[in-house]
Amino acid sequence: MRAYIIRRLLLLIPTLFLITIIIFLLARLVPGTAIDLMLAQQPATQDQIGRAALEHELGFDVPIHIQYVRWIGAIITHGDLGDSLWSRQSVAPNVLRRFPISFELWFIAILIGLLIAIPIGIYSAIRQDSVGDYIARGFAIACIALPSFWLGTLVMVFPSVWWRWSPPVEYLSFFQNPGQNLQMFLPPAIILGMGLSGMVMRMTRTMMLEVLRQDYIRTAWSKGLTEKVVVLRHAMKNALIPIVTIIGLQIPAVIGGSIILETIFQIPGVGRLMIDTVFNRDYPILQGINLITAAIVLLVNLGVDMTYAYLDPRVHYE
Amino acid sequence: MTEPIDEIVKKKPSRFADFMRRLVKEKPLATIGGVIVIFMFLVGIFANFLSPYPYDENQIKIRLQPPSVEHILGTDQLGRDQLSRIIWGARVSMIVGVAGAALSTVIATLIGLLSGFYGGKFDIIMQRFVDGWMSFPALFLVLSIMSLVGPGLMQVILVLGLLMGIAQSRIVRSAVIGIKRNIYVEASKAIGASDITILIRHILPNIMAPIIVIFTLAMGTAILGEATLSFLGFGIPPPMPTWGSMLSVEGRTYMYQATWLAIWPGVALGVVVWGINMFGDGLRDLLDPRLRGGLGRYGNMGLGKKAGKKAKLKPTA
């Protein structure tokens with residue numbers, strides 16, 4: 001098992017390498033746009049810095065592959081993601097500070113998504129074609145179809161109009177003020193979790209239906225086991241592998257969705273930083289966010305693969 | 001002797017008619033979804049005849065008016081008729097949906113065909129690239145690219161099409177790998193057919209079902225993607241109304257006084273995306289049992305009396 005984990009971690013290196021190329025090229029496909037923006041925004045009173053000087057200062061005057069080597073070299077040698085083009089501050093601490101905030105949002109959202117999806121998915125399967133099943137499936141499709149930014153807007157507008165309540169806009173960490181923190185995070189997390197739950201609910205239902213028809217489930221019933229034991233202990237564990245897979249596949253969607261909800265609910269996380277930097281084309285920050293997020297997604301995928309061995313004793317990793 | 005054969009040929013309904021009959025009979029929700037999609041298309045195509053007012057007619061005097069007889073869905077902060085803007089928004093959604101889905105389907109088919117058919121090193125390199133591409137949150141990627149190419153209808157279509165196409169090439173690839181093992185592919189290789197002939201004559205027709213499903217579902221994703229981008233201010237610039245931009249952050253300050261502004265664009269978007277998803281799901285069930293997400297009718301057999309009876313009564317799928 002340990003050898004397998006190490007091999008998988010080593011395999012992450014080429015993938016991450018490819019990702020750095022994609023990230024880097026994405027940011028440089030249209031070169032000079034940040035420079036144009038800076039030159040245009042220079043205060044007229046200041047001494048006008050020439051384009052060439054600015055390009056030299058920011059390291060844009062060398063060929064693109066050398067720029068790439070410089071960037072990747074700094075990351076490998078001392079974990080330096082470069083400096084922001086605008087504030088000239090180091091990117092890494094700036095970006096890393098934002099991640100715990102977003103992480104809380106993702107965590108609550110995934111938790112809520114699973115708490116909605118798995119019980120309803122199981123219910124929907126063991127009471128197939130009942131009224132409850134139809135309602136559950138309709139709800140699942142609605143979760144997928146309703147855009148999160150609209151739900152977010154409704155949550156901002158209507159409680160404020162009806163009850164004069166709106167989520168707090170000042171960020172305080174959970175340890176500083178749990179009440180205010182949860183008031184701020186719960187509404188976006190529920191919306192984000194709903195989007196996740198639609199997919200997971202459908203997968204849970206499908207897999208449970210399949211497993212419940214297996215012979216060993218009939219055996220379990222004929223042994224006189226209660227419904228609870230048959231469904232939760234015998235069926236659920238065997239249905240879990242595809243469900244865990246789909247949860248893993250949905251993680252990027254949760255992270256992406258947090259951009260929108262952080263914007264609406266004014267949570268100062270990675271998504272907000274992303275929007276701000278996209279507006280002023282701050283490539284180093286953009287590259288930093290993309291790289292760290294991609295690494296998180298890859299690690300989550302690895303974690304998903306690891307859980308297979310736990311869920312199914314027949315799966316061995318060597 | 002030839003007459004009866006002719007009769008038999010005549011009696012057999014066309015594939016399309018047969019398909020439509022099955023859709024309506026077996027998938028009522030998908031049919032409703034299809035009707036919603038067609039309705040949106042009609043609204044989009046005839047937007048200039050249907051909308052009671054021009055979408056950009058500012059009338060400050062009647063700004064933020066609640067729904068009334070003249071303005072059924074009320075007016076916005078510039079006094080523009082909201083119903084008209086939603087009708088014009090349908091046109092944008094339709095264009096982005098169709099064009100984005102078409103582009104993504106072409107890209108997915110090209111990558112999937114080549115990667116699946118040739119395999120080997122090309123496939124390995126291509127798939128690692130797709131892996132890397134898919135390990136980003138899609139929205140991060142879209143925003144990064146949109147910040148480079150700038151807002152606009154064309155840019156939105158290109159970016160969404162490219163992004164979805166690369167992700168969906170996986171589905172085409174796995175379908176191609178399944179087909180190319182068939183004996184008729186080997187046979188045409190044996191008689192000396194070129195790769196292009198095999199791809200176009202034998203493989204492409206056999207993967208039409210997943211391609212149609214990909215196209216349909218991509219339409220929903222493209223529409224939602226455009227709305228999200230416009231909502232964030234990276235999509236289609238004003239004054240062109242889109243459902244996403246009507247809900248955008250700038251408009252939100254007015255929604256507290258005029259709650260109708262927050263409701264209707266979202267309802268339009270939700271209903272259309274719901275319709276497309278239902279239609280696509282139904283299509284998938286009918287066209288391609290291999291891609292089927294759910295268990296379909298046969299899955300019900302032996303699971304309780306009611307479902308089993310149904311399956312026995314109608315054994316043909």
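**Notes on the A–B pair and its helices**

1. Let's start at the interface: 48 residues of chain A touch 46 residues of chain B, contact meaning heavy atoms within 4.5 Å. Please keep in mind that this is a predicted model, where local features need pLDDT of at least 70, side-chain atom pairs count only at pLDDT 80 or more, and totals for chains, interfaces and linings use all residues. Residues are numbered from 1 along each chain as its sequence is written, chains are lettered from A in the order in which they are written, and side-chain values use heavy atoms, without hydrogens and water.

2. Between chain A and chain B, about 4400 Å² is buried, and carbon and sulfur atoms give 76% of that area. Buried area here is the accessible area (1.4 Å probe) that two parts lose on being put together, summed over both. On the chain A side, L26(A), F149(A) and W150(A) supply 14% of what chain A buries against chain B, more than any other three residues.

3. Now a look inside chain A. Helix 5 (residues 91-126) and helix 6 (residues 131-145) of chain A pack at about 145°, their axes 9 Å apart. Helices are DSSP runs (H or I, at least four residues), numbered from the N terminus; axes are lines fitted to C-alpha atoms over the stretch in contact, with angles from 0 to 180 degrees between N-to-C directions.

4. Which residues meet there? I116(A), I120(A), Y123(A) and S124(A) of helix 5 in chain A meet G132(A), D133(A), A136(A), R137(A) and F139(A) of helix 6 in chain A.

5. Chain B, finally, has 15 helices and 0 strands, strands being DSSP E runs of at least two residues.
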